[in-house]
Amino acid sequence: MRILLYSGKGGVGKTSISAATGLQLARRGVRTLVMSVDPAHSLADAFALKAGLFDPATADPYEVRPNLHVQEVNIQVELKRHWREIAGYLTSVLRTTGLGDIEAEELAILPGMEELSALMYVNQYRKQSTYDVVILDCAPTAESLRFVAMPTTLDWYMKHVFPTERRVLNAVRPLLNRMSPVELPTDAYFANMKELFTKLEGIETVLQDTTMTSVRLVSNAERMVVRETQRAFVYFLLHGLTVDTILVNRVLPEEVDGSFLGAQRRSQQQMLGEMEGYFHPVPVRQVPMFAEEVVGLERLEQLADVLDTLDPDPAAVTREVRPYVFERRDGRHQVRMDVPFVEKGEVGLFKKGDELVIELGVQRRHVGLPTSLAALHPTRATFEGQTLVIELGEAS
Ligand SMILES: Nc1ncnc2c1ncn2[C@@H]1O[C@H](COP(=O)(O)OP(=O)(O)O)[C@@H](O)[C@H]1O
Ligand SMILES: [Mg+2]
């Protein structure tokens with residue numbers, strides 16, 4: 001199964017392009033699911049599916065046409081399906097603070113629950129071979145990064161915190177129950193945690209496998225949007241995912257030259273030139289501005305026709321470059337990682353247990369060191385072009 005993740009700044013056209021790409025694949029006979037992971041769902045609106053604004057019909061895969069389903073992860077449904085005990089526990093804790101039932105239930109929705117639920121579905125569809133391609137229509141960039149970082153975080157929690165937490169809690173439970181006004185998590189809570197973890201098993205490897213998962217960044221030819229696209233590019237890479245295409249949406253056509261929009265077109269053209277340089281060798285593809293909103297099956301078909309001219313097979317694997325590699329040069333161990341647009345002063349490095357922690361701006365990436373390197377520490381960081389080279393050695 002292929003996973004195509006579409007991300008980018010709000011309003012750039014992620015949902016329209018995800019939906020049209022789904023059509024493009026379905027028309028070729030590829031079993032495709034377009035799944036919205038943006039809590040502000042608009043997938044059903046793009047397909048002009050229904051009248052009701054809060055209709056949960058798409059909480060499960062919903063057939064739009066042969067070979068094409070859409071699904072919008074619905075947190076209320078997910079709370080009952082996947083998070084019952086965890087949410088139940090959180091609600092009971094919140095109630096002890098004097099909150100009413102409804103408020104407590106609303107607050108028991110933790111950040112990340114939607115993303116993790118989506119990943120559970122992806123994992124399930126992969127194991128059951130339900131679809132050939134799953135397209136993820138993601139939230140604006142910052143949230144989608146949380147989405148891809150989630151499995152690593154959860155994995156870390158389950159390995160390092162969960163076992164101790166549970167053991168300690170069980171040991172002191174009788175005492176704490178007498179002292180604390182707050183009820184402690186029960187076995188059901190931990191069982192729920194474990195079950196979720198089982199459902200997510202393997203997803204991290206899947207997301208980082210370049211032959212399975214590709215990230216496509218949707219952008220516009222405007223400086224502010226491009227800057228966010230550059231940041232996203234680095235951060236996805238840092239999280240071990242591969243960006244294989246940049247899609248610049250709403251590019252103004254030649255016809256507008258000499259009109260009111262002429263100046264905007266000139267600035268877009270200049271921006272497009274700069275983008276080629278920034279993202280090389282990742283292709284920058286242009287999607288034209290349509291005269292009208294891309295809503296409804298007919299308009300999405302037109303967008304799919306345009307996408308066909310850019311890339312007839314959006315599910316093809318085109319980039320397989322590993323995001324980072326371990327190497328040994330001149331007797332020294334190195335971690336090499338491509339990080340374009342990053343300055344040396346913006347890189348922070350430290351060791352935590354057997355992990356190398358690399359900070360790029362506000363983002364952090366944990367690189368698990370193989371056993372043979374686990375005792376080493378980062379001793380030097382240099383740039384060779386866009387490649388960050390981290391040398392590992394004995395701590396001084
Ligand atoms: N190439 C295009 N030409 C004209 N309108 C577009 C184009 N791409 C998207 N739109 C419109 O722009 C709006 C935002 O697009 P959407 O796909 O919802 O963005 P996002 O999912 O990134 O927030 C929608 O009304 C959509 O129909
Ligand atoms: Mg959207």
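Reader: What is the strand order in the open sheet of 8 strands?

Author: The order is E3-E4-E2-E5-E1-E6-E7-E8, and the pairing is mixed. Strands here are DSSP runs of E, at least two residues long, and helices are runs of H or I, at least four, numbered from the N terminus. Two strands pair if DSSP finds at least two bridges between them.

Reader: Which are the edge strands?

Author: Strand E3 (62-65) and strand E8 (284-288), each pairing on one side only. From one strand to the next, the twist averages 25°.

Reader: Before we go on, where does the model come from, and how is it numbered?

Author: It is a predicted model: local features need pLDDT of at least 70, side-chain atom pairs count only at pLDDT 80 or more, and totals for chains, interfaces and linings use all residues. Residues are numbered from 1 along each chain as its sequence is written, while chains are lettered from A and ligands numbered from 1 in the order in which they are written.

Reader: Back to E8. How many bridges join E7 to it?

Author: 4, and strand E7 (residues 243-251) runs parallel to E8. Val251 has Pro288 of E8 as its bridge partner.

Reader: Which strands does H10 lie across?

Author: Helix H10 (residues 223-238) lies across E1, E6 and E7, at about 165° to E6. Angles run from 0 to 180 degrees between N-to-C directions, with axes fitted to C-alpha atoms, for helices over the stretch in contact. Contact means C-beta atoms, placed from the backbone, within 7 Å.

Reader: And what angle does H1 make with E5?

Author: Helix H1 (residues 14-27) runs at about 170° to strand E5 (133-137).

Reader: New topic: H12. Which of its residues are buried?

Author: Leu300, Leu303, Ala304 and Leu307. They fall within an arc of 105° seen down the axis of H12, so they line one face of the helix. The arc is that of the directions from the helix axis to the C-beta atoms. Buried means 20 or more other C-beta atoms within 10 Å of a residue's own, exposed means 12 or fewer, and partly exposed is in between.

Reader: What do they pack against?

Author: H1 and helix H2 (43-46). On the other side of H12, Glu298 and Thr309 are exposed.

Reader: Now the whole chain. How many helices and strands?

Author: 12 helices and 15 strands. Of the 396 residues, 36% count as buried.

Reader: What are the spans along the principal axes?

Author: The C-alpha trace spans about 80 × 65 × 40 Å.

Notes. Contact = placed C-beta atoms within 7 Å.
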